[in-house]
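Reader: I've got a model open and I'd like to learn how to read its helix packing. Can you walk me through it?

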Amino acid sequence: MNARRKFLQKSLLATAGLSMPSILTAEEFFRNTSRISPNDQINIGLIGCKGMGWSNMSALLKIPEVNCIALADIDSSVLDQRADDVVKARGKKPAIYKDYRKMLENKDIDVVVIGTPDHWHCLNLVDSLDAGKHAYVEKPLANSIEECRIMVDATKKYGKMVQVGQWQRSGSQYSDAIDFVKSGQLGNIRLVKCWAYQGWMNPVPVKNNSPVPNGVDYDMWLGPAPKKPFNENRFHFNFRWFWDYAGGLMTDWGVHEIDIALYAMGVKAPKSVMASGGKLAYPDDASETPDTLQTVYEYDGFNMLWEHATGIDGGNYGYSEGIAFIGNNATLVVNRGGWEVISEKQGDKPKIEAVSRVRPQGNAMDNHMSNFIQAIKNNDANSLNCGVETGSVAAINAHMGNIAYKTGEKIYWDEQKGLFTNKEANKLIKAQYHNGWKLPKI
(Lines give C-alpha, C1' and ligand atoms only; values in the text may rest on other atoms or scores of the structure.)
Protein backbone atom coordinates (compact mmCIF):
# COMPACT_ATOMS: atom_id res chain seq x y z
CA MET A 1 0.00 0.00 0.00
CA ASN A 2 1.52 3.33 -0.97
CA ALA A 3 2.01 6.28 1.37
CA ARG A 4 -0.85 8.27 -0.09
CA ARG A 5 -3.32 5.43 0.44
CA LYS A 6 -2.12 5.05 4.02
CA PHE A 7 -2.72 8.73 4.61
CA LEU A 8 -6.24 8.52 3.21
CA GLN A 9 -7.06 5.81 5.71
CA LYS A 10 -5.85 8.06 8.51
CA SER A 11 -8.13 10.98 7.86
CA LEU A 12 -8.41 13.85 10.25
CA LEU A 13 -11.75 12.60 11.52
CA ALA A 14 -10.29 9.23 12.34
CA THR A 15 -7.53 10.80 14.40
CA ALA A 16 -10.19 12.75 16.26
CA GLY A 17 -12.06 9.52 16.98
CA LEU A 18 -15.16 10.80 15.18
CA SER A 19 -17.36 9.56 12.37
CA MET A 20 -19.27 12.38 10.69
CA PRO A 21 -21.07 11.53 7.47
CA SER A 22 -22.70 14.94 7.15
CA ILE A 23 -22.35 18.53 8.31
CA LEU A 24 -22.40 18.77 12.08
CA THR A 25 -25.37 20.45 13.68
CA ALA A 26 -24.52 23.26 16.07
CA GLU A 27 -25.34 21.01 19.02
CA GLU A 28 -23.16 18.18 17.74
CA PHE A 29 -20.37 20.60 16.97
CA PHE A 30 -20.14 21.98 20.51
CA ARG A 31 -20.54 18.51 22.05
CA ASN A 32 -17.80 16.93 19.94
CA THR A 33 -15.30 19.79 19.86
CA SER A 34 -15.07 20.77 23.50
CA ARG A 35 -11.60 19.21 23.67
CA ILE A 36 -10.24 21.18 20.69
CA SER A 37 -8.17 24.14 21.86
CA PRO A 38 -8.50 27.60 20.29
CA ASN A 39 -5.00 27.22 18.88
CA ASP A 40 -6.15 24.20 16.87
CA GLN A 41 -9.16 25.95 15.35
CA ILE A 42 -8.92 26.70 11.64
CA ASN A 43 -11.02 29.65 10.47
CA ILE A 44 -12.20 29.71 6.88
CA GLY A 45 -13.62 32.38 4.60
CA LEU A 46 -15.53 31.38 1.47
CA ILE A 47 -15.51 33.38 -1.79
CA GLY A 48 -18.34 32.35 -4.11
CA CYS A 49 -20.98 30.61 -2.03
CA LYS A 50 -23.64 29.14 -4.31
CA GLY A 51 -22.52 25.94 -6.08
CA MET A 52 -19.20 24.15 -5.68
CA GLY A 53 -18.03 26.77 -3.21
CA TRP A 54 -20.69 25.65 -0.77
CA SER A 55 -20.10 21.96 -1.57
CA ASN A 56 -16.47 22.48 -0.59
CA MET A 57 -17.42 24.35 2.56
CA SER A 58 -19.92 21.63 3.48
CA ALA A 59 -17.18 19.00 3.26
CA LEU A 60 -14.87 21.11 5.39
CA LEU A 61 -17.55 21.60 8.03
CA LYS A 62 -17.45 17.86 8.71
CA ILE A 63 -14.03 18.46 10.29
CA PRO A 64 -14.50 19.46 13.96
CA GLU A 65 -11.77 22.07 14.17
CA VAL A 66 -12.89 23.93 11.05
CA ASN A 67 -15.03 27.06 11.41
CA CYS A 68 -16.64 29.13 8.65
CA ILE A 69 -16.33 32.69 9.92
CA ALA A 70 -16.80 34.72 6.72
CA LEU A 71 -18.65 34.60 3.40
CA ALA A 72 -18.14 36.72 0.30
CA ASP A 73 -20.49 36.75 -2.69
CA ILE A 74 -21.85 39.27 -5.18
CA ASP A 75 -25.42 38.01 -4.64
CA SER A 76 -27.12 39.11 -1.40
CA SER A 77 -29.70 36.31 -1.57
CA VAL A 78 -26.92 33.71 -1.74
CA LEU A 79 -25.12 35.35 1.18
CA ASP A 80 -28.25 35.28 3.31
CA GLN A 81 -28.96 31.65 2.49
CA ARG A 82 -25.42 30.47 3.24
CA ALA A 83 -25.17 32.53 6.41
CA ASP A 84 -28.28 30.70 7.65
CA ASP A 85 -26.69 27.39 6.66
CA VAL A 86 -23.58 28.20 8.70
CA VAL A 87 -25.72 29.14 11.71
CA LYS A 88 -27.47 25.76 11.49
CA ALA A 89 -24.10 24.00 11.34
CA ARG A 90 -22.18 26.04 13.90
CA GLY A 91 -24.64 28.18 15.83
CA LYS A 92 -22.87 31.41 14.93
CA LYS A 93 -23.44 33.73 11.99
CA PRO A 94 -20.39 34.42 9.82
CA ALA A 95 -19.37 37.89 8.71
CA ILE A 96 -20.67 38.62 5.19
CA TYR A 97 -19.07 40.66 2.42
CA LYS A 98 -20.07 41.71 -1.09
CA ASP A 99 -16.41 42.40 -1.98
CA TYR A 100 -13.99 39.55 -1.28
CA ARG A 101 -11.11 42.01 -0.91
CA LYS A 102 -12.71 43.37 2.25
CA MET A 103 -13.06 39.84 3.57
CA LEU A 104 -9.34 39.23 3.05
CA GLU A 105 -8.62 42.08 5.48
CA ASN A 106 -10.05 39.91 8.27
CA LYS A 107 -6.99 38.80 10.23
CA ASP A 108 -8.86 35.92 11.88
CA ILE A 109 -9.20 34.04 8.58
CA ASP A 110 -6.59 31.31 8.14
CA VAL A 111 -7.87 29.70 4.94
CA VAL A 112 -9.85 30.88 1.92
CA VAL A 113 -12.04 28.62 -0.21
CA ILE A 114 -12.44 29.91 -3.78
CA GLY A 115 -15.67 28.79 -5.43
CA THR A 116 -16.11 31.57 -7.99
CA PRO A 117 -16.40 31.15 -11.79
CA ASP A 118 -13.15 30.23 -13.54
CA HIS A 119 -12.36 33.75 -14.78
CA TRP A 120 -12.02 34.91 -11.16
CA HIS A 121 -9.75 32.15 -9.82
CA CYS A 122 -6.42 33.81 -10.54
CA LEU A 123 -7.27 37.15 -8.93
CA ASN A 124 -8.94 35.46 -5.96
CA LEU A 125 -5.99 33.17 -5.31
CA VAL A 126 -3.21 35.72 -5.70
CA ASP A 127 -5.05 38.21 -3.48
CA SER A 128 -5.67 35.50 -0.85
CA LEU A 129 -2.02 34.47 -0.81
CA ASP A 130 -0.92 38.09 -0.62
CA ALA A 131 -3.19 38.47 2.41
CA GLY A 132 -1.38 35.61 4.13
CA LYS A 133 -4.07 32.95 3.70
CA HIS A 134 -3.89 29.32 2.68
CA ALA A 135 -6.33 28.50 -0.12
CA TYR A 136 -8.50 25.81 -1.63
CA VAL A 137 -9.35 26.72 -5.23
CA GLU A 138 -12.00 25.08 -7.38
CA LYS A 139 -11.07 23.40 -10.62
CA PRO A 140 -10.10 24.16 -13.31
CA LEU A 141 -7.26 26.12 -11.76
CA ALA A 142 -7.78 29.09 -14.10
CA ASN A 143 -9.36 30.22 -17.34
CA SER A 144 -6.09 30.49 -19.30
CA ILE A 145 -2.64 28.94 -19.45
CA GLU A 146 -1.07 32.29 -18.54
CA GLU A 147 -3.13 32.53 -15.35
CA CYS A 148 -2.18 28.96 -14.37
CA ARG A 149 1.49 29.90 -14.51
CA ILE A 150 0.93 33.04 -12.45
CA MET A 151 -0.89 31.04 -9.77
CA VAL A 152 1.94 28.52 -9.55
CA ASP A 153 4.48 31.34 -9.21
CA ALA A 154 2.38 33.09 -6.56
CA THR A 155 2.13 29.92 -4.48
CA LYS A 156 5.91 29.52 -4.59
CA LYS A 157 6.40 33.16 -3.63
CA TYR A 158 4.09 33.18 -0.62
CA GLY A 159 4.76 29.65 0.63
CA LYS A 160 1.17 28.84 1.57
CA MET A 161 -0.79 25.61 1.15
CA VAL A 162 -2.92 25.57 -2.00
CA GLN A 163 -5.13 22.59 -2.76
CA VAL A 164 -6.99 22.35 -6.09
CA GLY A 165 -10.48 20.86 -6.28
CA GLN A 166 -9.55 17.84 -8.39
CA TRP A 167 -10.76 15.60 -5.59
CA GLN A 168 -10.51 12.39 -7.62
CA ARG A 169 -6.86 12.47 -6.51
CA SER A 170 -8.13 11.49 -3.05
CA GLY A 171 -10.34 8.59 -4.18
CA SER A 172 -9.24 5.05 -3.32
CA GLN A 173 -10.22 3.65 -6.73
CA TYR A 174 -7.99 6.14 -8.55
CA SER A 175 -5.08 5.41 -6.24
CA ASP A 176 -5.51 1.67 -6.82
CA ALA A 177 -5.84 2.15 -10.59
CA ILE A 178 -2.73 4.35 -10.78
CA ASP A 179 -0.75 1.75 -8.84
CA PHE A 180 -1.90 -0.99 -11.22
CA VAL A 181 -1.03 1.05 -14.31
CA LYS A 182 2.43 1.80 -12.95
CA SER A 183 3.00 -1.89 -12.12
CA GLY A 184 3.36 -2.65 -15.84
CA GLN A 185 0.85 -5.52 -15.82
CA LEU A 186 -1.22 -3.95 -18.60
CA GLY A 187 1.76 -4.20 -20.93
CA ASN A 188 2.68 -1.42 -23.31
CA ILE A 189 -0.02 1.25 -23.14
CA ARG A 190 -0.53 2.87 -26.52
CA LEU A 191 -3.81 4.72 -25.88
CA VAL A 192 -5.57 6.33 -22.93
CA LYS A 193 -9.21 7.31 -23.34
CA CYS A 194 -10.84 9.96 -21.14
CA TRP A 195 -14.49 10.88 -21.50
CA ALA A 196 -17.50 12.62 -20.00
CA TYR A 197 -20.93 11.94 -21.46
CA GLN A 198 -23.48 14.09 -19.65
CA GLY A 199 -26.97 12.85 -20.42
CA TRP A 200 -28.62 15.12 -17.85
CA MET A 201 -27.47 18.25 -19.68
CA ASN A 202 -30.34 19.75 -21.65
CA PRO A 203 -30.13 22.58 -24.19
CA VAL A 204 -29.62 26.04 -22.69
CA PRO A 205 -32.67 27.96 -23.95
CA VAL A 206 -32.04 31.30 -25.60
CA LYS A 207 -33.12 34.15 -23.32
CA ASN A 208 -33.23 37.89 -23.77
CA ASN A 209 -31.02 40.16 -21.72
CA SER A 210 -32.75 41.33 -18.56
CA PRO A 211 -32.29 43.74 -15.64
CA VAL A 212 -29.72 42.78 -13.04
CA PRO A 213 -31.49 40.95 -10.18
CA ASN A 214 -31.91 42.86 -6.91
CA GLY A 215 -28.98 42.40 -4.58
CA VAL A 216 -26.54 41.35 -7.30
CA ASP A 217 -23.34 43.32 -7.94
CA TYR A 218 -23.09 42.38 -11.60
CA ASP A 219 -20.06 44.56 -12.34
CA MET A 220 -18.18 42.69 -9.62
CA TRP A 221 -19.38 39.36 -11.02
CA LEU A 222 -18.00 40.30 -14.44
CA GLY A 223 -14.71 41.45 -12.95
CA PRO A 224 -12.02 41.04 -15.66
CA ALA A 225 -14.45 39.52 -18.20
CA PRO A 226 -15.71 41.66 -21.11
CA LYS A 227 -18.52 44.06 -20.30
CA LYS A 228 -21.84 42.63 -21.50
CA PRO A 229 -25.50 43.12 -20.52
CA PHE A 230 -26.87 40.81 -17.84
CA ASN A 231 -28.30 37.57 -19.16
CA GLU A 232 -29.56 34.80 -16.91
CA ASN A 233 -27.91 32.19 -19.13
CA ARG A 234 -24.45 33.47 -18.28
CA PHE A 235 -25.06 33.64 -14.54
CA HIS A 236 -24.50 31.05 -11.81
CA PHE A 237 -24.13 27.45 -13.08
CA ASN A 238 -24.38 28.08 -16.83
CA PHE A 239 -21.37 30.39 -16.92
CA ARG A 240 -19.44 27.18 -17.76
CA TRP A 241 -20.68 27.24 -21.34
CA PHE A 242 -19.41 30.72 -22.26
CA TRP A 243 -15.81 31.46 -23.28
CA ASP A 244 -15.61 34.73 -21.33
CA TYR A 245 -15.82 32.85 -18.05
CA ALA A 246 -14.85 29.21 -18.61
CA GLY A 247 -13.93 26.47 -21.09
CA GLY A 248 -16.97 24.20 -21.27
CA LEU A 249 -16.79 20.48 -20.54
CA MET A 250 -13.21 20.32 -21.85
CA THR A 251 -12.01 22.14 -18.73
CA ASP A 252 -14.93 21.52 -16.36
CA TRP A 253 -14.80 17.72 -16.51
CA GLY A 254 -11.62 17.33 -18.49
CA VAL A 255 -9.29 18.35 -15.69
CA HIS A 256 -10.61 15.55 -13.45
CA GLU A 257 -10.06 12.76 -15.94
CA ILE A 258 -6.96 14.11 -17.67
CA ASP A 259 -5.30 14.60 -14.29
CA ILE A 260 -5.56 10.90 -13.45
CA ALA A 261 -4.46 9.88 -16.94
CA LEU A 262 -1.32 12.03 -16.99
CA TYR A 263 -0.33 11.18 -13.43
CA ALA A 264 -0.60 7.44 -14.09
CA MET A 265 1.38 7.76 -17.32
CA GLY A 266 4.03 10.03 -15.79
CA VAL A 267 3.78 12.88 -18.32
CA LYS A 268 2.96 16.58 -18.16
CA ALA A 269 2.89 18.09 -21.65
CA PRO A 270 1.88 16.79 -25.10
CA LYS A 271 3.89 17.00 -28.29
CA SER A 272 0.81 17.90 -30.34
CA VAL A 273 -2.95 18.40 -29.98
CA MET A 274 -5.82 18.38 -32.44
CA ALA A 275 -9.55 18.67 -31.81
CA SER A 276 -12.79 18.43 -33.70
CA GLY A 277 -16.39 18.97 -32.67
CA GLY A 278 -18.84 21.76 -32.10
CA LYS A 279 -22.44 22.44 -31.21
CA LEU A 280 -23.65 19.27 -32.87
CA ALA A 281 -26.32 18.20 -30.38
CA TYR A 282 -27.92 21.58 -29.72
CA PRO A 283 -26.82 23.88 -32.55
CA ASP A 284 -29.37 26.58 -31.73
CA ASP A 285 -29.12 26.76 -27.95
CA ALA A 286 -27.55 29.68 -26.07
CA SER A 287 -24.23 28.09 -25.10
CA GLU A 288 -20.94 28.87 -26.87
CA THR A 289 -18.66 25.97 -25.94
CA PRO A 290 -18.91 22.72 -27.94
CA ASP A 291 -21.44 20.15 -26.75
CA THR A 292 -19.56 17.46 -28.68
CA LEU A 293 -15.77 17.28 -28.85
CA GLN A 294 -12.97 14.81 -29.60
CA THR A 295 -9.43 15.88 -28.74
CA VAL A 296 -6.33 13.83 -29.55
CA TYR A 297 -3.15 14.47 -27.55
CA GLU A 298 0.18 13.02 -28.63
CA TYR A 299 2.69 12.19 -25.87
CA ASP A 300 5.92 10.23 -26.04
CA GLY A 301 4.89 6.62 -26.57
CA PHE A 302 1.11 6.97 -26.46
CA ASN A 303 -1.90 9.01 -27.48
CA MET A 304 -4.67 10.28 -25.24
CA LEU A 305 -8.21 10.81 -26.48
CA TRP A 306 -10.57 13.18 -24.68
CA GLU A 307 -14.21 13.16 -25.69
CA HIS A 308 -17.34 14.73 -24.28
CA ALA A 309 -20.99 14.93 -25.23
CA THR A 310 -24.08 16.47 -23.68
CA GLY A 311 -27.55 14.97 -23.73
CA ILE A 312 -26.39 11.32 -23.92
CA ASP A 313 -24.89 8.86 -21.45
CA GLY A 314 -23.55 6.21 -23.84
CA GLY A 315 -19.89 6.49 -23.02
CA ASN A 316 -17.07 4.00 -23.41
CA TYR A 317 -17.31 0.55 -21.77
CA GLY A 318 -20.88 1.34 -20.72
CA TYR A 319 -19.89 4.22 -18.41
CA SER A 320 -20.92 7.85 -18.77
CA GLU A 321 -17.49 9.02 -17.58
CA GLY A 322 -14.09 7.53 -16.96
CA ILE A 323 -10.52 6.82 -17.97
CA ALA A 324 -9.35 3.70 -19.84
CA PHE A 325 -5.70 2.65 -20.06
CA ILE A 326 -5.44 0.38 -23.10
CA GLY A 327 -2.43 -1.93 -23.01
CA ASN A 328 -1.18 -4.93 -24.92
CA ASN A 329 -2.23 -7.28 -22.14
CA ALA A 330 -5.38 -5.66 -20.81
CA THR A 331 -7.42 -2.50 -20.41
CA LEU A 332 -7.98 -0.86 -17.04
CA VAL A 333 -11.13 1.24 -16.71
CA VAL A 334 -11.64 3.57 -13.75
CA ASN A 335 -14.31 6.11 -12.88
CA ARG A 336 -16.13 7.48 -9.88
CA GLY A 337 -17.91 4.17 -9.36
CA GLY A 338 -14.79 1.99 -9.18
CA TRP A 339 -12.16 0.27 -11.33
CA GLU A 340 -11.73 -2.99 -13.22
CA VAL A 341 -9.33 -4.77 -15.57
CA ILE A 342 -10.51 -6.34 -18.84
CA SER A 343 -7.93 -8.84 -20.09
CA GLU A 344 -6.89 -9.43 -23.69
CA LYS A 345 -6.75 -13.05 -24.80
CA GLN A 346 -3.89 -15.20 -26.09
CA GLY A 347 -5.86 -17.83 -27.95
CA ASP A 348 -8.47 -18.99 -25.43
CA LYS A 349 -6.56 -17.84 -22.37
CA PRO A 350 -6.45 -14.34 -20.80
CA LYS A 351 -3.08 -12.63 -21.03
CA ILE A 352 -3.39 -11.54 -17.40
CA GLU A 353 -5.95 -12.18 -14.71
CA ALA A 354 -8.95 -9.88 -15.02
CA VAL A 355 -10.02 -7.77 -12.06
CA SER A 356 -13.73 -7.50 -11.36
CA ARG A 357 -15.21 -4.13 -10.51
CA VAL A 358 -13.70 -2.77 -7.28
CA ARG A 359 -15.82 -0.13 -5.54
CA PRO A 360 -14.25 2.91 -3.88
CA GLN A 361 -13.78 3.10 -0.13
CA GLY A 362 -14.72 6.22 1.79
CA ASN A 363 -15.69 9.63 0.43
CA ALA A 364 -13.10 11.16 -1.91
CA MET A 365 -14.21 14.76 -1.32
CA ASP A 366 -14.01 14.30 2.45
CA ASN A 367 -10.57 12.70 2.10
CA HIS A 368 -9.46 15.61 -0.08
CA MET A 369 -10.47 18.17 2.54
CA SER A 370 -8.92 16.20 5.39
CA ASN A 371 -5.69 15.98 3.40
CA PHE A 372 -5.77 19.76 2.86
CA ILE A 373 -6.31 20.58 6.53
CA GLN A 374 -3.64 18.11 7.64
CA ALA A 375 -1.14 19.66 5.20
CA ILE A 376 -1.85 23.07 6.71
CA LYS A 377 -1.33 21.72 10.23
CA ASN A 378 1.94 20.08 9.23
CA ASN A 379 3.01 22.97 6.98
CA ASP A 380 3.82 20.35 4.36
CA ALA A 381 2.94 21.22 0.76
CA ASN A 382 4.45 17.94 -0.42
CA SER A 383 1.67 16.01 1.31
CA LEU A 384 -1.11 17.74 -0.66
CA ASN A 385 -2.95 15.29 -2.89
CA CYS A 386 -3.54 17.98 -5.52
CA GLY A 387 -1.32 21.00 -5.06
CA VAL A 388 -1.25 23.97 -7.38
CA GLU A 389 1.35 22.54 -9.78
CA THR A 390 -0.69 19.35 -10.16
CA GLY A 391 -3.78 21.44 -10.82
CA SER A 392 -1.90 23.51 -13.38
CA VAL A 393 -0.79 20.48 -15.39
CA ALA A 394 -4.36 19.24 -15.80
CA ALA A 395 -5.75 22.71 -16.54
CA ILE A 396 -3.04 23.56 -19.07
CA ASN A 397 -3.59 20.31 -20.97
CA ALA A 398 -7.36 20.91 -20.99
CA HIS A 399 -6.88 24.47 -22.24
CA MET A 400 -4.64 23.10 -24.99
CA GLY A 401 -7.60 21.04 -26.17
CA ASN A 402 -9.77 24.13 -26.40
CA ILE A 403 -7.03 26.04 -28.19
CA ALA A 404 -6.72 23.27 -30.78
CA TYR A 405 -10.49 23.36 -31.24
CA LYS A 406 -10.53 27.14 -31.70
CA THR A 407 -7.67 27.17 -34.22
CA GLY A 408 -9.04 24.19 -36.14
CA GLU A 409 -5.49 22.94 -36.67
CA LYS A 410 -3.13 20.34 -35.31
CA ILE A 411 -0.91 22.39 -33.02
CA TYR A 412 2.57 21.50 -31.79
CA TRP A 413 3.98 22.28 -28.35
CA ASP A 414 7.57 23.36 -27.69
CA GLU A 415 8.09 22.28 -24.09
CA GLN A 416 11.40 24.11 -23.76
CA LYS A 417 9.88 27.46 -24.74
CA GLY A 418 6.49 26.81 -23.16
CA LEU A 419 4.85 27.90 -26.41
CA PHE A 420 3.12 26.47 -29.44
CA THR A 421 4.78 26.68 -32.84
CA ASN A 422 1.54 28.27 -34.08
CA LYS A 423 1.21 32.06 -33.61
CA GLU A 424 -2.59 32.02 -33.42
CA ALA A 425 -2.46 29.30 -30.78
CA ASN A 426 0.05 31.30 -28.73
CA LYS A 427 -2.32 34.26 -28.67
CA LEU A 428 -4.87 32.03 -26.93
CA ILE A 429 -2.41 31.23 -24.13
CA LYS A 430 -2.86 34.78 -22.85
CA ALA A 431 -5.46 36.06 -20.41
CA GLN A 432 -7.51 39.06 -21.50
CA TYR A 433 -8.53 41.39 -18.64
CA HIS A 434 -11.10 44.16 -18.94
CA ASN A 435 -12.97 46.82 -16.94
CA GLY A 436 -9.86 48.17 -15.26
CA TRP A 437 -8.82 44.82 -13.72
CA LYS A 438 -5.17 43.94 -14.16
CA LEU A 439 -3.56 40.54 -14.51
CA PRO A 440 -1.52 39.90 -11.35
CA LYS A 441 2.24 40.26 -11.60
CA ILE A 442 4.43 38.06 -9.43
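Predicted model: local features only at pLDDT ≥ 70, side-chain atom pairs only at ≥ 80, totals over all residues.

Reader: Okay, what describes two packed helices?

Author: Two packed helices are described by the angle between their axes and by how far apart the axes lie. Here, helix 8 (residues 145–158) packs with helix 14 (residues 388–407) at about 170°, the axes being 9 Å apart.

Reader: How are helix 8 and helix 14 oriented to each other, roughly parallel or roughly antiparallel?

Author: Angles over 145 degrees count as roughly antiparallel, so helix 8 and helix 14 are roughly antiparallel. Helix 8 brings residues including Cys148, Met151 and Val152 to the contact, and helix 14 brings, among them, Ser392, Ile396 and His399. By class, that contact has nine nonpolar, three polar and two charged residues.

Reader: At what angle do helix 12 and helix 14 cross?

Author: At roughly 110°, with the axes coming within 9 Å. Helix 12 and helix 14 are therefore roughly perpendicular, and the crossing is right-handed. Val255, Ile258, Asp259 and Leu262 of helix 12 meet residues of helix 14 including Val393 and Ala394.

Reader: Now the largest pocket: which helix gives the most to its lining?

Author: Helix 14, with eight residues. Helix 8 and helix 12 each supply at least two as well. The largest pocket holds about 530 Å³ of space. Its lining has 22 residues, with Lys268, Glu389, Ser392, Val393 and Ile396 nearest the centre.

Reader: And how many residues of that lining are charged?

Author: Seven, alongside ten nonpolar and five polar.

Note on methods
Residues numbered from 1 in each chain as written. Heavy atoms only, no water. Axes fitted to C-alpha atoms, helices over the stretch in contact; angles between N-to-C directions. Helix = DSSP H or I, 4+ residues; strand = E, 2+ residues; numbered from the N terminus. Parallel < 35°, antiparallel > 145°, perpendicular 65-115°, else oblique. Contact = heavy atoms within 4.5 Å. Nonpolar A, V, L, I, M, F, W, Y, C, P; charged D, E, K, R; others polar. 1 Å grid on protein atoms, 1.4 Å probe; cavity = no way out; pocket = protein on both sides within 12 Å on 5 of 7 lines; lining within 4 Å. Points joined across faces, edges and corners; volume = space filled by probe spheres on them. Left-handed = near helix turned anticlockwise from the far one by under 90°.
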